[in-house]
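Subject: Structure handover

Hi,

Here is the structure I promised to pass on. Please open it alongside this email.

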Amino acid sequence: MLKFISFGSGSSGNCYYLYTETDGLLIDAGIGVRTLKKHFKNYGLQMTSIHHLLITHDHADHIKSVGSISNDYSVSVYTTNSVHNGIENNYCVRKKINNGCVKVIEKDKTFQLGDFKITPFEVPHDSSDNVGYKIEHDGIIFVLMTDIGHITDDMHKYIGEANYLVIEANHDEEMLSNGPYPAHLKVRILGPNGHLSNSECGNALAEYATPELKHVWLCHLSEENNHPVLAQKTIETTLRAHGIVAGVDFKLEVLKRKIPSEIYNLI
């Protein structure tokens, strides 16, 4: 059985875990190692069960602890060459990845990693490089796409293939426009390489989700420019306008910024 936990989702730190009885895959390492160890212990898990580490991009809230986890547990880190270079040059990553654990992947090239078949794909964002991941295990397709400036044609395809989907719903456009952020930051967030709004997320789900989709988790909500209830209601309303009922056609949940989720069984 494939299982999923979110350990953090937002600008304070992003970290997700997929695991089976024999293998474990961490996606992003943006929370502190001590915090992650505590969470693993609380769930009755062992840090040594992390066998692989995927990174989406090189912003600090996704890579803060990548070197520490990789070095302490001899875990190889998989991401594109540009992201690896960004990690190496990011002052927020105090402990760098040992050369033997640096593994370079290419977008749109599928590879096998233990129990998981992984396809990285392009995601538009203003980092050195940015990828989403399609992860397959035993006929189940899990897709994660975060820090999204806009939805591309490739992303349409992966939304349509997903049984389980983690997708960004970063901000409410009205809250952002009327909020305290300086003008240049608002422009960045709203731009084609910024972040996905609630309405854009809802429209993408309404247009590209298929009956094969079972569960959607909304990730990377802004603390200042969004609210979990608002994100959920906005997207539910958009879906309903297209004849899709959240909770009936598929489950829809918001991942918390700093509090771990439950353990989800993906079947």
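Below is what turned up, going from strands to aromatic rings to the pocket.

Please note that this is a predicted model.

**Strands**

Start with strand E3, residues 24–27. Gly24 and Leu26 point one way from E3, while Leu25 and Ile27 point the other way. All four are buried.

E3 has a partner in strand E2, residues 15–19. The two run in the antiparallel sense, with four bridges. Tyrosine 16 faces isoleucine 27 of E3. E2 and E3 make a hairpin, and four residues lie between them.

E3 also pairs with strand E4, residues 52–54. Here the sense is parallel, over three bridges. Leucine 26 has leucine 53 in E4 as its bridge partner. To get from E3 to E4, the chain passes through helix H1, residues 33–42. This β-α-β crossover is right-handed.

**Aromatic rings**

There are 13 aromatic pairs in the structure. Two are worth a look.

One is phenylalanine 7 with tyrosine 17. Their ring centres are 6.5 Å apart and their planes meet at 35°. Edge-to-face needs an angle over 60 degrees and stacked needs one under 30, so this pair counts as tilted. Phenylalanine 7 sits in strand E1 (residues 2–8) and tyrosine 17 in E2, so the pair ties together parts ten residues apart in sequence. Phenylalanine 7 is buried, at 1% relative accessible area. Tyrosine 17 is buried too, with 1% relative accessibility.

The other is tryptophan 217 with tyrosine 264. The ring centres are 5.0 Å apart and the planes are at 65°, so this pair is edge-to-face. It links distant parts of the chain: tryptophan 217 is in strand E12 (residues 215–219), and tyrosine 264 is in strand E14 (residues 264–266). The two residues are 47 apart. Both tryptophan 217 and tyrosine 264 are buried.

Trp217 and Tyr264 also belong to one aromatic cluster, along with Phe4, Tyr16, Phe142 and Tyr164. Tyr16 is the residue that stands opposite isoleucine 27 in E3.

**Largest pocket**

What lines the largest pocket? The lining has 19 residues. Nearest the centre are Ser11, Asn170, Arg188, His195 and His220. By type, the lining divides into four nonpolar, nine polar and six charged residues. Helix H7, residues 183–190, gives the most to it, with three residues. The volume of the largest pocket is about 270 Å³.

Best wishes

Technical notes. Residues numbered from 1 in each chain as written. Predicted model: local features only at pLDDT ≥ 70, side-chain atom pairs only at ≥ 80, totals over all residues. Heavy atoms only, no water. Buried < 20%, exposed > 50% of the residue type's maximum accessible area, 1.4 Å probe, protein only. Pairing = 2+ DSSP bridges. Right-handed = clockwise from strand over helix to strand, strands pointing away. 1 Å grid on protein atoms, 1.4 Å probe; cavity = no way out; pocket = protein on both sides within 12 Å on 5 of 7 lines; lining within 4 Å. Points joined across faces, edges and corners; volume = space filled by probe spheres on them. Nonpolar A, V, L, I, M, F, W, Y, C, P; charged D, E, K, R; others polar. Phe/Tyr/Trp six-rings, centres within 6.5 Å; stacked < 30°, edge-to-face > 60°.
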